[in-house]
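Here is a quick tour of one chain and its ligand site. Have a look at the model first, then read on.

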Amino acid sequence: MSCGGCIRREFEIGRPSLPCRPCIPWFLFLCVLGVTQLPISPDILAAEPTPARKLVNSPGVLIIAHRGNSSIAPENTLPAFAKALAAKADLVELDYHHSADGVPIVLHDDNLDRTTNAQELLGKTKVLVVDLPAAELARLDAGLWFNDDFKGTKLPTLVEALTAIQAGSTTLIERKAGDAATLVKLLEQEKLTEQVVVQAFDWEFVKECRKLSPTMTLCTLSGKAANHEQIEAAAATGADVIVWNHEKLRRDQVELVHKLGKKAWVYTIDDPQHAADFIAAGIDGVITNKPATMIRVRSATKRPAQ
Ligand code: G3P
Ligand code: CA
């Protein structure tokens with residue numbers, strides 16, 4: 001028999017697939033080269049759960065601080081996020097829009113009236129976030145409306161908020177405005193694609209995120225009356241978690257979410273008894289303005305075996 005690497009006749013009859021002795025080092029070199037150049041299937045990568053998926057799929061109920069610890073600090077600001085971390089919230093939710101020059105800025109409303117001093121500073125009402133550049137937005141006070149203790153608090157950029165929250169918890173990013181590609185690119189640049197959870201009321205945005213990133217952890221949001229079709233459609237987006245307004249989801253519908261292989265969260269519950277009822281019905285996450293209270297409710301409430 002001849003060697004595969006040269007045309008030399010191999011003496012070791014019976015082992016025709018082996019190279020001849022002079023070819024062995026080349027053969028080994030090519031083996032190593034081949035292994036290191038093999039394309040790694042995304043399925044293999046996806047097999048190891050990402051940190052965000054591990055958290056979302058962990059047993060027990062997750063307590064999620066809504067707009068930070070917003071019952072004791074101005075919502076969607078760095079002090080509210082610091083207080084959510086201090087309360088040991090499992091995740092910290094925030095909302096973002098884009099400034100006129102394309103910087104993602106953290107705040108809930110599309111205009112600046114309710115949570116900043118824009119009216120006073122600009123002499124106009126209903127100025128939209130998207131109408132001011134980031135440098136102008138940085139001049140606004142986002143703490144005074146809450147109380148004087150928070151005077152001087154600024155609107156955080158999304159990157160500033162992510163840096164603060166990821167230091168001690170996991171961010172639940174709610175996209176209010178902006179396209180999926182921009183968010184995915186920002187998360188890739190920050191090396192956070194697999195460390196955070198992203199949610200939106202706009203399910204097309206969720207689907208687009210899923211297309212762009214198979215490993216991102218995603219949630220659909222809904223405030224409509226929940227029904228079978230709606231829940232199935234939410235699951236079909238590719239989201240990991242189905243998040244519903246607590247007044248629009250019946251407790252028996254949690255089971256359907258689980259049957260579809262998804263986790264079920266509700267927003268926004270501050271009433272302990274109401275949270276306890278959902279926990280007893282098997283809910284997987286509670287979004288709340290009072291994370292410390294809800295952590296106590298969680299400890300005191302028996303959850304059914306999943
Ligand atoms: O996290 C869910 C909840 O934040 C959605 O409602 O209006 O508070 O952004 P909203
Ligand atoms: Ca929100």
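## Starting from a serine

Leaving aside residues up to four places away in sequence, which residues does S213 touch? The contacts of S213 under that rule are V184 and T193. Bear in mind that this is a predicted model.

As for where it sits, S213 is in the loop that runs between α9 (203–212) and β6 (217–222). S213 has 18 C-beta neighbours inside 10 Å, so it counts as partly exposed; the buried class would need 20 or more. S213 also pairs up in space with A181: the two are 32 residues apart in sequence, yet 9.8 Å apart from C-alpha to C-alpha.

Two packed helices are described by the angle between their axes and the distance between the axes. For α8 (residues 180–189) and α9, the axes come within 9 Å and cross at roughly 45°. That angle is why α8 and α9 are classed as oblique to each other. Their crossing is right-handed.

On the α8 side, the contact uses A180, A181 and V184, while α9 brings F205, E208, C209 and L212. Sorted by class, the residues of this α8 and α9 contact come out as six nonpolar, one charged and no polar.

## A second pair: α12 and α13

Further along the numbering, helix α12 (residues 272–280) packs on helix α13 (residues 291–300). The angle here is about 45°, and the axes are 10 Å apart. So α12 and α13 are oblique to each other, and α12 passes α13 in a right-handed crossing.

Who does the touching? From α12 the contact takes P272, A275, A276 and I279, and from α13 it takes T293, M294, V297 and R298. That set splits into six nonpolar residues, one polar and one charged.

## Around the ligand

## The whole chain

The chain has 306 residues, and 38% of them count as buried.

What about contacts along the sequence? Taking the contacts in the chain between residues at least 6 apart in sequence, 54% join residues at least 24 apart.

Note on methods:
Residues are numbered from 1 along each chain as its sequence is written. Chains are lettered from A and ligands numbered from 1 in the order in which they are written. This is a predicted model: local features need pLDDT of at least 70, side-chain atom pairs count only at pLDDT 80 or more; totals for chains, interfaces and linings use all residues. Axes are lines fitted to C-alpha atoms, for helices over the stretch in contact, and angles run from 0 to 180 degrees between N-to-C directions. Helices (H or I, at least four residues) and strands (E, at least two) are DSSP runs, numbered from the N terminus. Angles under 35 degrees count as roughly parallel, over 145 as roughly antiparallel, 65 to 115 as roughly perpendicular and the rest as oblique. A crossing is left-handed if the near helix is turned anticlockwise from the far one by less than a right angle, and right-handed if clockwise. Two residues are in contact if their C-beta atoms, placed from the backbone, lie within 7 Å. Ala, Val, Leu, Ile, Met, Phe, Trp, Tyr, Cys and Pro count as nonpolar, Asp, Glu, Lys and Arg as charged, and the others, Gly among them, as polar. A residue is buried if 20 or more other C-beta atoms lie within 10 Å of its own, exposed if 12 or fewer, and partly exposed in between; C-beta atoms are placed from the backbone.
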